[in-house]
Amino acid sequence: MNDFRGLAEVSRVLLLGAVQNHPGSRLKELADEAGLHINTARDHLRVLVDEGFVYLQSESTGERGRPPMVYHPVDDPESNAAAAERIARAREHHEVLCRLAPGAELRPAALEELGDEAGDQFDLLYEHLDDSGMEPEPDAEDLRISLAPCPHYRMVGEDRAIACGIHAKIVRDLLSQVPGPLELDRLQPYVAESRCQILLRQRGCPDPDETSDPRPTEETDGPDPQ
């Protein structure tokens with residue numbers, strides 16, 4: 001079981017987007033948002049919970065009886081055991097790679113001055129991208145990761161805003177699950193014919209394009225997908 005399985009169907013991608021856009025929604029509301037039968041939505045949401053992307057929480061209504069359950073995106077590993085396991089796996093994976101390739105550059109050089117917490121954040125993001133089949137290739141110097149187009153982009157089709165927005169929120173939530181200074185700067189789709197790019201930055205650093213480029217930070221223009 002890995003992230004690729006969790007996002008292997010377009011219905012799950014759309015449901016994850018619905019949870020991201022409307023945290024605290026009930027099952028019926030999310031099913032309607034994604035255009036799915038309630039039983040189908042329940043099964044897909046169960047997979048997203050098992051994969052560590054969303055979590056269930058009881059909603060206090062002040063009424064008698066069993067409280068309804070609502071869904072939230074995971075931004076705290078304590079809310080979902082699978083998310084906590086992913087963090088532990090990422091740390092272990094980095095330690096194994098360091099033993100297998102001592103002296104190798106496994107992280108961008110720019111991480112060195114940001115401390116161990118930034119390294120933990122980077123390892124967690126790399127683990128997600130690798131699990132999801134995106135073939136991540138970190139830059140040797142800068143806080144930049146080249147990756148293959150995400151599976152849910154190809155499934156959603158031509159609506160780049162939906163797919164890139166969902167994946168950008170996943171990246172933000174992942175980085176927030178580990179204390180540290182890194183945050184998403186922007187997600188750039190198709191900077192090359194078959195590669196996308198994630199740019200990270202230190203939290204609190206100004207966006208150099210914020211005043212000059214009105215486009216959403218999740219997207220910049222690039223070659224059209226083939």
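Visitor: How many cavities of 30 Å³ or more does the count come to?
Guide: Two cavities. A cavity is a set of points, on a 1 Å grid over the protein atoms alone, where a 1.4 Å probe fits but cannot get out, whereas a pocket is an open set with protein on both sides within 12 Å along at least five of seven lines. Before we go on, this is a predicted model, where local features need pLDDT of at least 70, side-chain atom pairs count only at pLDDT 80 or more, and totals for chains, interfaces and linings use all residues. Residues are numbered from 1 along each chain as its sequence is written, and side-chain values use heavy atoms, leaving out hydrogens and water.

Visitor: What volume does the second largest cavity have, and which residues line the second largest cavity?
Guide: Its volume is about 50 Å³, taken as the space filled by probe spheres set on grid points that are joined across faces, edges and corners. The lining, meaning residues with an atom within 4 Å of a point, consists of L16, Q20, G52, F53, V74, I170, D173, L174 and Q177. Helices α2 and α8 are the elements that give two or more residues to this lining, and α8 has the largest share, with three. Helices here are DSSP runs (H or I, at least four residues), strands likewise (E, at least two), numbered from the N terminus.

Visitor: What lines the largest pocket?
Guide: L14, G17, A18, Q20, N21, E33, A34, A161, I162, G165, I166 and K169 do. The volume of this pocket is about 200 Å³. At least two lining residues come from each of α2 (10–21), α3 (27–34) and α8 (160–176).

Visitor: How do the residues of that lining divide by class?
Guide: Six are nonpolar, four polar and two charged. Ala, Val, Leu, Ile, Met, Phe, Trp, Tyr, Cys and Pro count as nonpolar, Asp, Glu, Lys and Arg as charged, and the others, Gly among them, as polar.

Visitor: Why is S11 called buried?
Guide: Buried means under 20% relative accessible area, exposed over 50%, and partly exposed in between (1.4 Å probe, protein chains only). S11 has 16%, so S11 is buried. This residue lies in helix α2. Leaving aside neighbours within four places in sequence, S11 is in contact (heavy atoms within 4.5 Å) with L36 and H44.

Visitor: Why does C164 count as buried, and why is C196 buried?
Guide: C164 has 4% relative accessibility and C196 has a relative accessible area of 9%, so both fall under 20%.

Visitor: Which residues touch the most other members in the largest nonpolar core?
Guide: L16, L45, L48, L125, L182, I198 and L200, out of 45 residues. Helix α8 gives the most to this core, with seven residues. A nonpolar core is a set of buried Ala, Val, Leu, Ile, Met, Phe, Trp, Tyr and Cys residues joined through side-chain atoms within 4.5 Å.
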